2 protein chains.
Amino acid sequence: MKFDKELKDHYLKGHEKFLRHISVDCVIFGFHQSDLKVLLLKTKYDGRRALPGGFILKNEHIDAAAQRILKERTGLDEIFLQQFHVFGNPGRSTKKINQQFLKNIGVKTNKSWMFDRFITLGYYALVDFTKVTPSPDNISEACEWFSIYELPEMILDHRHIFDEALENLRMQLNFHPVGYNLLGKKFTMPELQKLYETILGKKLDRRNFQRKILATGILKRLEETKKGVAHKAPFYYKFELRNYKKALKAGMHYFE
Amino acid sequence: MKFDKELKDHYLKGHEKFLRHISVDCVIFGFHQSDLKVLLLKTKYDGRRALPGGFILKNEHIDAAAQRILKERTGLDEIFLQQFHVFGNPGRSTKKINQQFLKNIGVKTNKSWMFDRFITLGYYALVDFTKVTPSPDNISEACEWFSIYELPEMILDHRHIFDEALENLRMQLNFHPVGYNLLGKKFTMPELQKLYETILGKKLDRRNFQRKILATGILKRLEETKKGVAHKAPFYYKFELRNYKKALKAGMHYFE
DNA sequence: ATTTCATTGCGTTCTAGTGACACAATGTAA
DNA sequence: TTACATTGTGTCACTAGAACGCAATGAAAT
């Protein structure tokens, strides 16, 4: 078992590579079929779900560590990534889980840096669902998307971390543009609106939404319209990256 | 030298008490004489200034660690405290400074947890200036207030940390009430306005400010007026703590 | 005692932005 | 050819915010 060898090494010698006591957990949001999704792992430990996570190399920027973890789970580079909170309750111990896990793979030891206390840096990421190739890490047997409205049970405080991430994303939506990292190159106005509604968890007025989002200047209407719909064909739009980034810095205002 | 003994212990055995690789830095804001101030230490190392900081006990909540550090520098309990960013650049090394420092107090060693890389958790705090008794830690020779508009040179990336803290405070001001932790029990409207202007770094219209802040319902006007001013006496106000906390949770809107 | 004057408390006007809603245009399916 | 769901554009009433006016106050100056 190559995996088991790697794992044993990780438990016994990981502290030579990684910073002790610090982990990174990523809440990866994707948007698909009018639904906001989050990428979760299925642990080999007991089948419950966990946020993709990892550790920080001894000479690695913490943001780079998060990027690396994301790349490993999604295959994507250059992802929108945001640090949102540090979870530092001494009670959030991973010791039991890790001890049980080691027992499962037949390693006997009561000394491992993984038994120590960890504080975890929470990041959230926005990715283009269609471009992601989910792949589990070596302590997981699956890596799958879940609707944020139908979340399975999660280990430790991962549900709490997710909740905080969503709240932060909603906050961010209130005064920064969102969408560039969640949608494809071109999209229709109803599609963009659906994204906003899904994140915010409420309906918005179609006409007011259009007026407001166009007023920001972050969109450019294309000549092309969507084909094959049994009603008036909506225009495609794309993001005007110059203005989008400007709006990211400056901050906009609320959506209803 | 009792201090030196303690220090030597800290360098050689601190890792038995504290989490490795993790520090906490606090940006402590106070308001005095129409000026926003920040509390800084003067290092024994080279006289440059530093943010009050410290480490996390092995079984301590990270927020509790920040509270403890604040208590040690200001004498105050129950302070408004907010985690705002983690600084995790591997380049932000404290090794040189710490080596030099040890040499200065006559300790010869090239092994100390303090030579390792540190990531630092940034917190900012709002305190009542008049209630603070500044006291330096054992690597500092002074603990003093500075106007945020006349900051001295600071070690490492502490200036950068300060800048981020101020930006976060200003953001916070945009949709949460601020003042309860920075002003005394009672204050006049011009005093409160001055606080907002100082934090935001710009003038606000006196009449609109009053209308808006009163509309939030977080203030209660007292019967008492300020005595001894050579013009119309302004009323005193106090915070209506119920509504203040409600507004903290719900979020308000912008100030111009 | 009277006047001066900076400052305060309260009010008005004007405008831009928001929410609610109407209506014609479009393009596939019946 | 008609039906119909959906889109693009426009209107209207309402509100919040920015800019500004003016009388009241009360210690200090005359």
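Me: Is B:Leu81 buried, exposed or partly exposed?
Reply: In this predicted model, B:Leu81 counts as partly exposed, because 19 C-beta neighbours lie inside 10 Å, whereas a buried residue needs 20 or more.

Me: Which element does B:Leu81 lie in?
Reply: B:Leu81 belongs to strand E5 of chain B, which covers residues 80-87.

Me: And what is B:Leu81 in contact with, leaving aside neighbours within four places in sequence?
Reply: With those set aside, the contacts of B:Leu81 are B:Asp63, B:Ala66, B:Gln67, B:Leu70, B:Tyr123 and B:Ala125.

Me: What about B:Tyr124, how far is that from B:Leu81 in sequence and in space?
Reply: The two residues are separated by 43 residues in sequence, while the C-alpha to C-alpha distance between B:Leu81 and B:Tyr124 is 5.8 Å.

Me: Turning to the contact between the chains, how many residues does each of chain A and chain B give?
Reply: Chain B contributes 19 residues and chain A contributes 19 residues.

Me: On the side of chain B, which elements give two or more residues?
Reply: Those elements are strand E1 (18-32), helix H2 (62-74), E5 and strand E6 (119-127) of chain B. The largest share, four residues, is from E1(B).

Me: What classes of residue make up that side of chain B?
Reply: The side of chain B that touches chain A has seven nonpolar, seven polar and five charged residues.

Me: Now to chain A. How do helices H4 and H5 of chain A pack?
Reply: Helix H4 (residues 158-175) and helix H5 (residues 189-200) of chain A pack at an angle of about 135°, and their axes are 9 Å apart. H4(A) and H5(A) are therefore oblique to each other.

Me: Which residues meet there?
Reply: From H4(A), A:Leu169, A:Arg170 and A:Leu173 meet A:Tyr196, A:Ile199 and A:Leu200 of H5(A). By class, the residues of this contact are five nonpolar, no polar and one charged.

Me: Which residues of E10(A) stand opposite A:Thr188 and A:Arg221?
Reply: A:Thr188 has A:Tyr236 as its bridge partner in E10(A). A:Arg221 stands opposite A:Tyr237 in E10(A).

Technical notes. Residues numbered from 1 in each chain as written. Chains lettered and ligands numbered in written order. Predicted model: local features only at pLDDT ≥ 70, side-chain atom pairs only at ≥ 80, totals over all residues. Pairing = 2+ DSSP bridges. Axes fitted to C-alpha atoms, helices over the stretch in contact; angles between N-to-C directions. Parallel < 35°, antiparallel > 145°, perpendicular 65-115°, else oblique. Contact = placed C-beta atoms within 7 Å. Nonpolar A, V, L, I, M, F, W, Y, C, P; charged D, E, K, R; others polar. Buried ≥ 20, exposed ≤ 12 C-beta atoms within 10 Å, placed from the backbone.
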